[in-house]
Amino acid sequence: MTPVLDDMVSRPGSTVSLLRTVVGLYLRDAGGWMPTRALLELMAALGVPAPQTRTALSRVKQRGVLAAATREGRPGFALAEGAVPMLERGDRRIDRPRSMGPGDDWCVIVFSVPEEERERRHQLRRRLRWVGCGTVSPGVWICPDFLRGEVLGILADLALADRAVLFTTRGLPTATDLPEAIGQWWDLDHLAALHRDFIENCAAVPDAAPAPTAGTFADYVRCIDHWRPIPYLDPGLPPGCLPADWPGTESVALFRGIRDSHAGPSAAFVREVLSSVLPRVLSADGPSRP
């Protein structure tokens, strides 16, 4: 089974990114398959014309997330086998953002990949950055220890487990103080900009429980789409090591409020769309994944 990578390439708000967000939120709870017509209607609720959605479906299929599948004569798309672990990993990241406490452990990753394997070395560095690791030096990276499992998964995927050693440490002796070192290991300006962009794009979403309408669905999916890359790139660094005006606390609180108020009504809207296309395709519980 070929692993499917988390989507850190598509620009939030693009058709491909919105489609992957819809797939991640609702396809599993719909039985792992949806008719093409339902996907077109859901994307239309997001303001995406059918031709653009069809192009995005083709691209997402090429990336190993979806597979074309016809059921009872109805054309549709099912989750590709390799996509399930990626979506489950996304559930943990996106819905339950974590943050280090002042006494929590760090994981230090030390690796050496020879020049003749530079493509795998490039892939390793890129993927470590995608899961929120900081760069101490080209062959030394660091992250909260609760991300150790994801780092081990990356090393296994790239067949580089024998090229790396992982250390757990509580203290981090540095030549400078820890907040200054963290500012060198992570691009905090970029992470802060991601949080502020989310706040700017989503602060106007009503916090009252909305009706299960296309508008509610669109608000929710677009907010999740903007939020989705943030808990990957931002590993949840200790608050005491971050700038005083760090926007992450406000951003996380806003995300949780939108999720709590909009997840249920949005799922109800998806049930209505699916029921209109395929009567009795869902149970009364229906899609509920935030």
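Strand S4 and strand S7 (residues 164–169) run antiparallel and are joined by six bridges. Helices and strands here are DSSP runs numbered from the N terminus, a helix (H or I) having at least four residues and a strand (E) at least two. Two strands count as paired if DSSP finds at least two bridges between them. The model is predicted: local features need pLDDT of at least 70, side-chain atom pairs count only at pLDDT 80 or more, and totals for chains, interfaces and linings use all residues. Residues are numbered from 1 along each chain as its sequence is written, and side-chain values use heavy atoms, with hydrogens and water left out.

**The four-strand sheet**

S4 and S7 belong to an open sheet of four strands in the order S5-S6-S4-S7, with antiparallel pairing. The edge strands are S5 (134–137) and S7, each of which pairs on one side only. From one strand to the next the twist averages 25 degrees; angles run from 0 to 180 degrees between N-to-C directions, and axes are lines fitted to C-alpha atoms, for helices over the stretch in contact.

Helix H6 packs on this sheet and touches S4, S6 and S7, its direction making about 175 degrees with that of S7. Helix H7 (residues 178–185) also packs on the sheet, where it touches S4, S5 and S6; its direction makes about 100 degrees with that of S5. Contact means heavy atoms within 4.5 Å.

S4 also runs antiparallel to strand S6 (residues 140–144), to which five bridges join it. Within this pairing, Val110 stands opposite Val140 of S6, and Ile109 stands opposite Trp141 of S6. Towards S7, Ile109 stands opposite Leu166. Five of the six residues of S4 (residues 106–111) are buried, so the strand is largely enclosed by the rest of the structure. Buried means under 20% relative accessible area, exposed over 50%, and partly exposed in between, with a 1.4 Å probe and protein chains only.

**The three-strand sheet**

A second open sheet has three strands in the order S1-S3-S2, with antiparallel pairing. S1 (33–35) and S2 stand at the edges with a single partner strand each, so one side of each has no neighbour in the sheet. The twist averages 35 degrees from one strand to the next. S2 and S3 pair in the antiparallel sense over six bridges, and Leu66 has Leu79 in S3 as its bridge partner. Helix H2 (residues 36–45) packs on the sheet, touching S1 and S3, and its direction makes about 80 degrees with that of S1.

The loop between S2 (66–71) and S3 holds Glu72. Phi of Glu72 is near 50 degrees, a positive value in a residue other than glycine. At 75% relative accessibility, Glu72 counts as exposed.

The table gives the spans from first to last C-alpha; the expected span is 1.5 Å times one less than the number of residues.

| Helix | Number of residues | Span | Expected span |
|---|---|---|---|
| H4 (83–95) | 13 residues | 18 Å | 18 Å |
| H5 (118–130) | 13 residues | 18 Å | 18 Å |

In H4 the buried residues are Ala83, Met86, Leu87, Arg89, Gly90, Asp91, Arg93, Ile94 and Asp95. Their cover includes helix H1 (15–27), strand S3 (74–79), helix H6 (148–157), helix H9 (214–227), helix H10 (230–233) and helix H11 (248–277).

Arg121, Gln123, Leu124, Arg127, Leu128 and Trp130 are buried in H5. Elements covering the buried residues of H5 include S4, S6, H6 and H10. Gly132, with a positive phi near 100 degrees, follows H5. Another positive phi, near 55 degrees, is that of Ala159, a residue other than glycine; Ala159 lies in the loop between H6 and S7.

**The H8–H9 contact**

Helix H8 (residues 188–202) packs against H9 at an angle of about 170 degrees, with the axes 9 Å apart. H8 and H9 are therefore roughly antiparallel to each other; angles under 35 degrees count as roughly parallel, over 145 as roughly antiparallel, 65 to 115 as roughly perpendicular and the rest as oblique. Asp197, Phe198, Asn201 and Cys202 of H8 make the contact with Cys223, His226 and Trp227 of H9.
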